[in-house]
Each structure stands twice: as structure tokens, then as C-alpha cells.
Number of protein chains: 2
Amino acid sequence: MATPTCPSSPAEPVAADLVPLRARRLGIDTHHEPVVVLRADSPVCRAEGFEAHARVEVQGAQRSIVATLNILTTGDLLAPDEAGLSESAWRRLAPAAGERLRLRNAPPSDSMSYVRAKIFGAALNENQFDAIIGEIVAGRLSNVEIAAFLVACANRRLRAAEVVGLTRAMVHAGSRLDWPHPRVVDKHCIGGLPGNRTTPIVVAIAASLGLLMPKTSSRAITSPAGTADTVETFTRVDLSLQDMRRVVASEGGCMVWGGAMNLSPADDLLIRVERTLDLDGQGQLVASVLSKKVAAGSTHVLIDIPVGPSAKVRSQAEAQALLHALSHTARAVGLHVQGLITDGSQPVGRGIGPALEAHDVLAVLRNAANAPDDLRQRALQVAAAVLELGDLAQGEAAHALARNCLDEGRAWRKFEAICLAQGGLREPGVAAFRHPLTALRDGRVTRIDNRLLARAAKLAGAPQAPCAGLWLGVHVGERIAREQPLFVLHAESRGELAYALDYVQRHPDIVHVEA
Amino acid sequence: MATPTCPSSPAEPVAADLVPLRARRLGIDTHHEPVVVLRADSPVCRAEGFEAHARVEVQGAQRSIVATLNILTTGDLLAPDEAGLSESAWRRLAPAAGERLRLRNAPPSDSMSYVRAKIFGAALNENQFDAIIGEIVAGRLSNVEIAAFLVACANRRLRAAEVVGLTRAMVHAGSRLDWPHPRVVDKHCIGGLPGNRTTPIVVAIAASLGLLMPKTSSRAITSPAGTADTVETFTRVDLSLQDMRRVVASEGGCMVWGGAMNLSPADDLLIRVERTLDLDGQGQLVASVLSKKVAAGSTHVLIDIPVGPSAKVRSQAEAQALLHALSHTARAVGLHVQGLITDGSQPVGRGIGPALEAHDVLAVLRNAANAPDDLRQRALQVAAAVLELGDLAQGEAAHALARNCLDEGRAWRKFEAICLAQGGLREPGVAAFRHPLTALRDGRVTRIDNRLLARAAKLAGAPQAPCAGLWLGVHVGERIAREQPLFVLHAESRGELAYALDYVQRHPDIVHVEA
């Protein structure tokens, strides 16, 4: 195969640093990895000896980035003196009008030499992880390079000390919050369980009892709703750090989106490449969870690990191993971690999707008659464990404390106060387009596939369409009669409803009913 | 961070398979990995729930490809019903005018489940390698996925049986030549040594003595010249398989470009990603070399392994280990391999670059007074080993046979005949722009950096500009006087000459002279 490169040009090239290029915004979102496009007959292209897909340094007047080079071989998308920039390249360079760019082959990356050492079996130290994570956050490593790092660290190839080094490096790469209190409680769920939205309830209970719980949450990456997506259906979540501090100072707790706070910013970048590869290395997971918690200024963290055949963690043994690794690393980075292994065999509550989950959360907090008891019980279980971490009570006393707080309306009042401080409380909406899926026969529900159900909710529009998702009519173990609804699809448009319906009709076993 | 995906659109989407898109050629060479660009407000985008950077299946009327999705978030590069295709996507789909495309999320890849198994320590069998290599050749794996495969196989994580399985899979993925003779000789050099262009001389000697040596060579990937680039400066190399067979039938040998023959097509794709990561796993190298040889129909192969501090193989121990791995795998795939560990401490001959190396080759074949003796001696060494493999003679007798063949002009006459059969013999050109780099003091040359020298030749325009490169005035151990030329840069344009000159002036230690 001929090497596709900048081909020979009859025009006479001159040294690249004599040929500045005009920046041109292409509008193409190539995701995290910056891309720059040059015409094949661009003088810079040949003068620099660029190869297709080379990593090049693009220097503007103020900033410089490393980008992947693509070559325009035909058509007139660009003028010969233009450099086309992808959206991430454009954002990072932020060129002024008329600003000229200079390109050269990117200098070798120190951090990639550490990645190679890791590939060949070396143990890395914290400084080396700092270099790798720093370059990832600065956008200087390509997705191919990030993939090499992740694979080199997978399959327990990260030793315990390396997980600590990686966790610290991920903290160093972003901001770190601090709170004027020696004990800051937090919770985290290892995910994979639709509807498991205990956070707002737990924050309300803990804060109402005087604990400091400045909770930052993320939006969905792969699921139909993240906690921030759900909370956003009833109050504001995109608070500035200053506003967050004000809410926490007056109420002792908050429920905000952590995305704007720059806490462990490498985490999302690593997760996205991991997801492409469908990899989830344990060392990486531990560093991901704990770096966010350290950066958020938490000191005592409850980790909820749902275990089930279609959850993220699939066996008790796996859960124990993960908890062991979490605890070891947590100690080393000065966090106190408590694990809570829970039932992950089926979705929690009735709603799946931002607003649908919010309705469940509000019903539990209001002690409504229709509040899903499974969500209430899980929230109380997690809240009791958080109260133990906060040293308010232990064992059954902690559970009673949480339950009373909820039953007597103290949790609801604290919840209202937090929402008001964050910008007001409103009722979540209801989707305009709904369609029930009914049982084909009488029988008993023997299993529900979390993953297929989540996919159906996403196809219905969640989380971008906040009212989209689905409402679950049954849980495992319940009897159901023919023609009764297994679940109801919710969508904000007729098209999305049709689309999700098509999917669930092609997957009749999402909710399995045995005669 | 908000998940960048197809955002909510006020327009009502409908199911994706009801919305065919018009194919639009963008002209952008994203290299091997096909890319498709959709507008964020494209109805398909939301209906399919595509995430940015998702892997999508693009179905045309005749063909279907897997591509990486980029999203057009601003600007008017595309109409709402257009799907923009990168060059590799366009080539693979080859849509007819007016042809409509349908997109959906790509189905999970079987081969990636094997890659994940490898990441987690499993040994793969030949069928699993067949699946992986088959999807790579079909363009169905992204560079990120190929990188994961390469890293999973690096650091001797491929067992001996797996290297055999991988080699066979790489052969299966392409064409396989066969020759009407039980013994087909071949040679291969492990590379990294500029100017080590023995192939045309060895082919001429072997074929003149009645051996069958149907040599296929590659173009440069990272070096200033591949054998095919050099041969192309004096005869045609892009022969069809039919023409190649005709040349071999009449002359017993040929020197053609293997790129059009589809021999182990996975090899280039793997090498390009390896190069991005600056990785070279031994198992991968063995499979790369041997799969090309099996596919070319060779039975007896001489492997030249130059060893030197700036060559690809840097120690005798490394060379022995490589040779051991090559021999083991070769036996398993039915090849007879003989290793030849040679001096790789400095470039061979005088010329570096396609035409400059061709002048050296022709001088040796013509027994010219100015023929570089080091190239002549290496070619005789390799040729003697090939004659041994061909069972014509052994030891000193084989060397004498090769030497006589060259000295008496038989090799030259065979070389002329092969060139005529391939389309004619012409003199390679000479670059119009030249500039000597001279010694700054009297002294002795103690070392030459192969890598920096190769880079200088590439900056001067090699191999795209066939006459570009450099001419080496001295070798290690020779004395040189102040103002004498260390080497002369050759370029086809003034700009490239200036550019290479700038580089060598910034690297004064390419040729190291000690007083």
C-alpha cells in the first residue's frame, strides 16, 4: 500500500514556520480529541514532512494544542492557507479573528514513555501518573494513546501502590474543594441499577440531622439518568462554587452538578475511552470513584455496590474484591470508606428517566401513599449507614433515626430548604406521549433485564428529553395478569415513542413472565 | 461535563430506518478509520440515540461499513439530510450518485470480545485471531480498538502458539501466491539501517544461478526509502500478479511492489497503529514478517537482523531472542528460516533515499570503481546465505559462487534481463538542489546516528521526492579533515533543501567526529 501522506507538490515549499495558516472552524465535534485538517497541497504539509494521522502541535498567538492531522485530499472544503479545526481544537485554541497558526510535528510526549514502560510491566510512581493524567487533561494524548494506557493498567496490572498514585494524580489534575468541618459525609453508588436514585433522600436526611453533606453528582454517561439530571427536573443544579458554598453554609447539604467544578477532570475522559472498549478495570474504577470524592473534600464515604446478574457488579465475590481495593486505596489517600453491598437484581422504584425518577424521590420524601417502598427502604439503608459514618448513631438506632426523620417530615422540610437555596422547587413534568406494554399472559415476573430496560428508556429520549423514560408496573416476584401493563414508555415526541416501542417489541423478554 | 450527544431537537424525529441520508464526500483523509459526519439536528441522529464518537453501521445499497460518528454542531458544512463521509468511508462504501444511506448503532463486534479476553489474560486460538484480523482488514475496528489489541499482545503476552495463530490469521486475511517449484527463496531485513539495500543484488545473483526468487517488497513506512521505492527509480515495480508471474517464469526472479497483491493486508494497518504508540511487540513483529513471506509463497527465507545502538535491534541478546521466536513460528507455519545477524552500527553504502540508494546498487552490480564496498560485502554475505538456503553450495563455496557471479557480470546481466521484463531499465535521476555539510574540525568519525540521518533524508523530501535524501561522505572509523563533507543533502526543491539544512544544523552530532 502506498503511504498516504502529503503528496509531492509541484509548488515549491518553504520552511513551515514561514507559512502561518488561517484558522477555520469546521464545526465538527470529533469529541475530546482535537483534529486539524490541512489541504494536501498546503505548503506546510510537505515542508513539515507530515504523515497522515500524525500528531501535530498547533501554535496560536496565546495557546498551543496537540492535534491529530487529517489531510484534505479532494474537494474545496479549505483554502490552501487554511487550517480546519474541530470543535475541541477550536475551543482549546480559541483563536482571535485573523489569528495565524503555525504547525509542527508534536514533540515526543514524556508521558507516553511512561505508558510504554507500563505496557512492558513497569510499576509507575505518582509523578509518572501525574505526567500521564496531566497530558490527558490538557488534551495532549490521543484516544489511541489513552486506550493504550487503559489496557496497560487493566487486568489487575496496577499494583496497590499504583492505584494510590493514579488516584492522587487524578485529584491533582483538577480542583479540590475544602469545607470548614472535620467530617464531611458523602455517598456513591457503583451504578448499573436503573432508578436507584437515593441521593436526594439521603442528603435531606443527613443534612436535617446536622451532618455536612455537600453532594456533587454527575450527569448520565451511559445510563438513562444521572443524579444531576434527575435533580435538575425539580431544582437548579448548575451552581457556581460560590453558590454551592452558600447553600451548604445555610443548609448543611446540597445536590449540585459537579461537572462545572473541575473535580478529577481526567475521570470522564478515561471513562469515555473505557466505554468505547467496553473495559472496566478495577484499579481504574477505584481511582475514578475515590479521586472524585477526595477532590470534593469528602472525608467519610458510603459506597453502595448493587450486585445482580445485569448490574455492573455481578457477584458477591466481585463486590468484596472491589470493596477491599476501595478500602485499601481510601486509607492511603486519607478517606474513610464504608461499603454497602445491596441487591442489584432489578430496577429500584417505578420511574426510569430524569423526571420519572424525580417523581419517585418526591413521593418518598413526602411520605405519599404511592411512594415506592423499595426506593424508600434502600434510601433508609443508605442514610442509616451515612449517619453511622457521621457518628450520629450506630446499628438499629441509626436506622430508626433516619426513619423517624423521614416519617416526621424533617427530611422533606430540609429538602425543600435546600431546593429553595439552590434556586426553587418545582414539580417535574410528565411526558405527553405514553404507551403501555402489557403482559402477554398471566404469570409471575421472574426477572427484569436492567440493561435492556435502560436502553429502552434511552431510546425513548432519556436523559436529553427530561420527561422521557419508562414507568415500571411490576417488580420481580409479583404476579401479573394478561393485558396488565409491564411498563409504560414515556416520550416527549411521537417519533421517539415509536422508536422505543419498536425496540421493546423486538425484545419481548425485557420483563420475563413465567406462567 | 454535559454529555455531548445529538441534542434535543424541536423537530419531531421518526425512526431512523425511515430517514435515508444522502452521501456527501468530504474529501478528508482520516486515514484507515472511516468517519461519518452527521448534523446535530439530523433526525437520524436523535432517533438512533447516537452518542458522539459512537461506532455506527452505514448501509448503502450494495455495501455496509462501520464508521466512527462525528457530529456537526455548528456551521453549514452539511445539509440536514446529508451524511458526510471521510475518504476511507467513501472508498469502502463507493456510493452511486444519488444513493441513500441508512445508519444504525454498530452491532457488538465478536472480535472485540476476543480482544477483551486477551486483555484479561486469555490465550486466543487461530479462529479468534481470524475474527480479529478479519475485522481489522474489513475496516470494522477503530484505531482505539486496534491499539487495545496491540497493547494486549505486547510485552510477550502472546504465547508461542498464539504467535503461530496470529501469523496464520494474517495470511488468511489476504491473497496467497503459489509457485510451481518446491523451493522458493526469499530474504527479509528487520530494518532500521539506512542504505541497506541488498535486495536487487541478491535477487540478481540468486536468479542468475537458477534459484526461484519472486521478490515482493514494500514502500517506505517510516524510512527514507523502501526497496520498492528504490527499485522504482530504475524500473517498473507496480506489476499485476499476471505480469509478475510472466517475469518470474522467464527470469526466475523479480523485484516488484507487493502492495497491490494484498499479501497479509493486516500488516500495514497494525504497523501504523504500533507506530503511533511507538510500540514494537516481538510477537507482532514475528507475525508481520512471516505472514508476508507465507503469503508470498516463499519456502526458504533469510532474515537479516542488523544490530546496533541506533538500529531497530540493539543487542546480540535481543537479536538471538527474535531469531529464536522467528524460527519457532516459521517451523509451525511450514517455512524454513535462516537468520543472519549483521553489523547495524552505521548506514550502508553512500546514498540514503530512493535514487541515491539505487546509484549504489547499480555501481555494485556493474563492478564500478566507486561502488561502496560495504554494500557489496553485505550483499555477498546475504546472497551466499540465500544460495545455501537454495541448496546450491555451502560455506565458503557459496560465498565464492556469489562473488564470481557478481564479478563476472552474470548478476548484472540477470539484473538487466529482469528490469527489461518488468518494463525497462533506466538511470535513476540526480537531485537539482544539493548542499554539503562539512566537518568542523580534523578528526575521526566515531559514530553515526541512523535515526537522525534518516530523519534528515526524509525532511529533504525522501521518499516522495525520489531523488531526495543524502549522500554520506564518510563511515565510522574513517579520518576526516576540517571542511571536508560529512554528507551532502539532496533535494528536488530549494524549500526542502532549506528545511533539511535547518534540521541538520540544529543536530550537529548526526555524524560524530572526535579530534
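This is a predicted model: local features need pLDDT of at least 70, side-chain atom pairs count only at pLDDT 80 or more; totals for chains, interfaces and linings use all residues.
View 1. One residue pair can be picked out here: Glu57(B) has Arg104(B) in E7(B) as its bridge partner.

**View 2. Strand E1 of chain B also pairs with E7(B).** E1(B) spans residues 21-25, and E7(B) spans residues 100-105. Two bridges link them. Again the strands run antiparallel. Arg22(B) stands opposite Arg100(B) of E7(B).

**View 3. Helices H3 and H5 of chain B cross.** H3(B) is formed by residues 110-119 and H5(B) by residues 143-153. Their axes come within 9 Å. The crossing angle is roughly 35°. The crossing is left-handed.

**View 4. Side by side: the residues where H3(B) meets H5(B).** H3(B) contributes Met112(B), Val115(B), Lys118(B) and Ile119(B). From H5(B) come Glu145(B), Ala148(B), Phe149(B), Ala152(B) and Cys153(B). Seven residues of this contact are nonpolar and two are charged. None is polar.

**View 5. Chain A is assigned three domains, domain 1, domain 2 and domain 3.** Domain 1 of chain A takes in residues 16-105. Domain 2 of chain A is given as two segments, 185-259 and 293-422. Domain 3 of chain A runs over 433-514. Between the C-alpha centres of domain 1 and domain 3 of chain A the distance is 47 Å.

Key. Residues are numbered from 1 along each chain as its sequence is written. Chains are lettered from A and ligands numbered from 1 in the order in which they are written. Side-chain values use heavy atoms; hydrogens and water are left out. Two strands pair if DSSP finds at least two bridges between them. Helices (H or I, at least four residues) and strands (E, at least two) are DSSP runs, numbered from the N terminus. Domain bounds come from an automatic or database domain assignment. Axes are lines fitted to C-alpha atoms, for helices over the stretch in contact, and angles run from 0 to 180 degrees between N-to-C directions. A crossing is left-handed if the near helix is turned anticlockwise from the far one by less than a right angle, and right-handed if clockwise. Contact means heavy atoms within 4.5 Å. Ala, Val, Leu, Ile, Met, Phe, Trp, Tyr, Cys and Pro count as nonpolar, Asp, Glu, Lys and Arg as charged, and the others, Gly among them, as polar.
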